[in-house]
Number of protein chains: 4
Amino acid sequence: MNKKVFEFEMKVRDYECDAQGIVNNANYLHYFEVTRHEFMASLGTSFKESHLLGVDPVVSRADLHYKSPLAGNDLFISSLTVERKGIKIIFHHAINRKSDGALCCKGTIEVAIIVNGKLSRGDCYDELMKQYL
Amino acid sequence: MNKKVFEFEMKVRDYECDAQGIVNNANYLHYFEVTRHEFMASLGTSFKESHLLGVDPVVSRADLHYKSPLAGNDLFISSLTVERKGIKIIFHHAINRKSDGALCCKGTIEVAIIVNGKLSRGDCYDELMKQYL
Amino acid sequence: MNKKVFEFEMKVRDYECDAQGIVNNANYLHYFEVTRHEFMASLGTSFKESHLLGVDPVVSRADLHYKSPLAGNDLFISSLTVERKGIKIIFHHAINRKSDGALCCKGTIEVAIIVNGKLSRGDCYDELMKQYL
Amino acid sequence: MNKKVFEFEMKVRDYECDAQGIVNNANYLHYFEVTRHEFMASLGTSFKESHLLGVDPVVSRADLHYKSPLAGNDLFISSLTVERKGIKIIFHHAINRKSDGALCCKGTIEVAIIVNGKLSRGDCYDELMKQYL
């Protein structure tokens with residue numbers, strides 16, 4: 001895959017770990033969400049801005065594979081690539097520990113686009129994300 | 001204090017514990033919030049309903065004393081009493097472990113009331129909560 | 001599917017909703033986790049107890065399909081069935097709004113079992129969950 | 001107050017906002033916690049490291065005053081000063097919105113120190129934090 005990759009560095013916060021001392025599974029969805037928002041910001045827009053224009057991306061599916069757990073204070077690189085698939089946009093996410101590059105979690109997030117209340121292709125996103133598609 | 005007490009039973013969820021195996025401090029504010037919402041529900045209303053009527057209670061202060069930590073799966077009783085103090089409403093919260101009655105956390109939550117965008121006494125609350133005041 | 005179904009009723013907490021006024025996607029993983037823990041409790045055990053016996057189930061994959069969003073204070077039924085698949089255990093989860101039965105989220109959670117640090121079939125789980133398999 | 005101030009910049013994550021579109025009250029405790037952990041890291045240590053040495057700081061009180069709400073994507077400066085008060089250590093926290101400097105939340109966090117299971121002054125902290133005391 002020669003797709004352009006967006007990367008964002010983050011650090012595990014202790015309260016994101018559970019009693020096992022590792023990041024709770026649900027938090028990877030939070031990390032992915034933050035990364036998509038930072039990705040949108042890097043393109044000069046935001047989901048909030050989309051919303052005001054009547055364009056609402058909604059997550060229709062999340063598929064996560066847990067590989068190696070992150071622990072408190074671990075630095076990690078959260079990366080994504082984007083794919084257009086019919087009326088959906090697919091984000092391919094990966095989270096790698098910074099210290100050793102180990103893959104901690106990878107996942108795909110399928111996003112459907114609602115324009116003025118109706119399911120739509122949301123072509124505006126193709127233009128916006130063209131350097132990544 | 002002979003005030004009428006509202007009680008609500010809850011159970012610690014494992015993901016609310018942090019790496020030390022005990023409930024993270026911030027979650028007690030969540031427990032208190034849930035208890036106030038259940039309290040409002042017991043009075044036949046909700047903060048959402050208030051909001052639609054232009055009445056918005058906002059937390060202006062939260063003062064929590066941590067006593068004995070809750071751990072995963074602990075059952076606990078979250079209780080509250082209410083006090084009117086000038087234009088504010090004060091909720092006195094306590095959380096006791098069910099198994100031994102131990103006090104885990106107590107706190108006061110000060111709520112200011114905004115009616116149509118302006119700070120107000122929100123007299124409607126006195127009528128609503130009269131059996132607890 | 002004639003599998004025995006485990007059901008657990010829950011209620012959305014307001015802080016689980018995000019700025020769109022609906023439950024944030026990540027919280028469905030929390031709801032699933034709580035349901036598995038209550039399921040284990042219904043069988044007279046817990047993941048904590050397993051851990052003390054050197055048996056650690058770990059989530060290796062989570063695949064969620066979002067259908068209809070839950071909002072603040074919604075009551076919902078979280079249900080699951082269990083399947084043994086090679087060395088993994090698969091939990092099939094569903095969350096249905098109580099008021100109208102609408103499917104809000106369904107998902108599969110794959111669990112791998114680590115016994116004394118090594119990947120294992122964890123046969124003890126077959127015995128424990130036999131009425132559901 | 002001429003105390004040395006530790007500052008850490010953060011950004012609101014959308015999932016930290018609740019249905020009112022503003023940061024949920026409990027998250028300020030998370031922001032404070034992250035700030036104390038970054039403060040410890042700036043001193044070359046961590047609470048985890050303390051724990052391994054048998055020294056466990058525990059929050060005994062949290063007193064928060066909410067001033068102006070943060071919203072999604074807001075950048076903010078989280079700052080703290082430290083005070084020794086008898087056997088406790090007091091952290092004075094403040095969170096200011098970056099765009100206009102507005103005070104969003106201030107609070108004091110009282111920390112008690114447990115050394116090998118007993119309440120202690122934890123003199124090692126005075127040495128460690130001397131430039132801030």
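Helices (at least four residues) and strands (at least two) are DSSP runs, numbered from the N terminus. Counted that way in this predicted model, chain A has 3 helices and 6 strands. Read from the N terminus, the order of those elements in chain A is β-α-α-β-β-β-β-β-α. How compact is chain A for a chain of 133 residues? Its radius of gyration is 15 Å, close to the 14 Å from the globule rule, so chain A is as compact as a globular protein of that length. Laid out along its principal axes, the C-alpha trace of chain A spans about 45 × 30 × 25 Å.

Of its 133 residues, 37% count as buried. Looking at contacts in chain A with a separation of 6 or more, 63% come from residues 24 or more positions apart.

Next come the pairs of chains, starting with A and C.

As for the contact itself, 12 residues of chain A meet 12 residues of chain C. On the chain A side, the elements giving two or more residues are helix α1 (26-42) and strand β2 (55-66). Of these, β2(A) brings the largest share, 8 residues. Sorted by class, the side of chain A that touches chain C holds 6 nonpolar, 4 polar and 2 charged residues.

Chains C and B make another pair. Chain C can be laid on chain B by a turn of 180° and a shift of 0.0 Å along the axis, again with an RMSD of 0.0 Å. This time the residue of chain C that comes closest to the rotation axis is Met10(C), at 5.7 Å by its C-alpha.

How many residues do chains C and B bring into contact? There are 11 from chain C and 11 from chain B. Helix α1 (residues 26-42) of chain C supplies the largest share of the chain C side, with 4 residues. By class, that side of chain C has 2 nonpolar, 5 polar and 4 charged residues.

Helix α1 of chain B (residues 26-42) packs against helix α1 of chain D (residues 25-42) at an angle of about 175°, and the axes are 8 Å apart. Since angles over 145 degrees count as roughly antiparallel, that makes α1(B) roughly antiparallel to α1(D). Which residues make this contact? From α1(B) they are Ala26(B), Leu29(B) and His30(B), while α1(D) contributes Asn25(D), Ala26(D), Leu29(D) and His30(D). Split by class, the contact of α1(B) with α1(D) has 4 nonpolar and 3 polar residues, and no charged ones.

Notes
Residues are numbered from 1 along each chain as its sequence is written. Chains are lettered from A and ligands numbered from 1 in the order in which they are written. This is a predicted model: local features need pLDDT of at least 70, side-chain atom pairs count only at pLDDT 80 or more; totals for chains, interfaces and linings use all residues. Axes are lines fitted to C-alpha atoms, for helices over the stretch in contact, and angles run from 0 to 180 degrees between N-to-C directions. Angles under 35 degrees count as roughly parallel, over 145 as roughly antiparallel, 65 to 115 as roughly perpendicular and the rest as oblique. Two residues are in contact if their C-beta atoms, placed from the backbone, lie within 7 Å. Ala, Val, Leu, Ile, Met, Phe, Trp, Tyr, Cys and Pro count as nonpolar, Asp, Glu, Lys and Arg as charged, and the others, Gly among them, as polar. The radius of gyration is taken over C-alpha atoms; the globule rule is 2.2 Å times the number of residues to the power 0.38. A residue is buried if 20 or more other C-beta atoms lie within 10 Å of its own, exposed if 12 or fewer, and partly exposed in between; C-beta atoms are placed from the backbone. Copies are superposed by least squares on the C-alpha atoms of residues with pLDDT of at least 70 in both.
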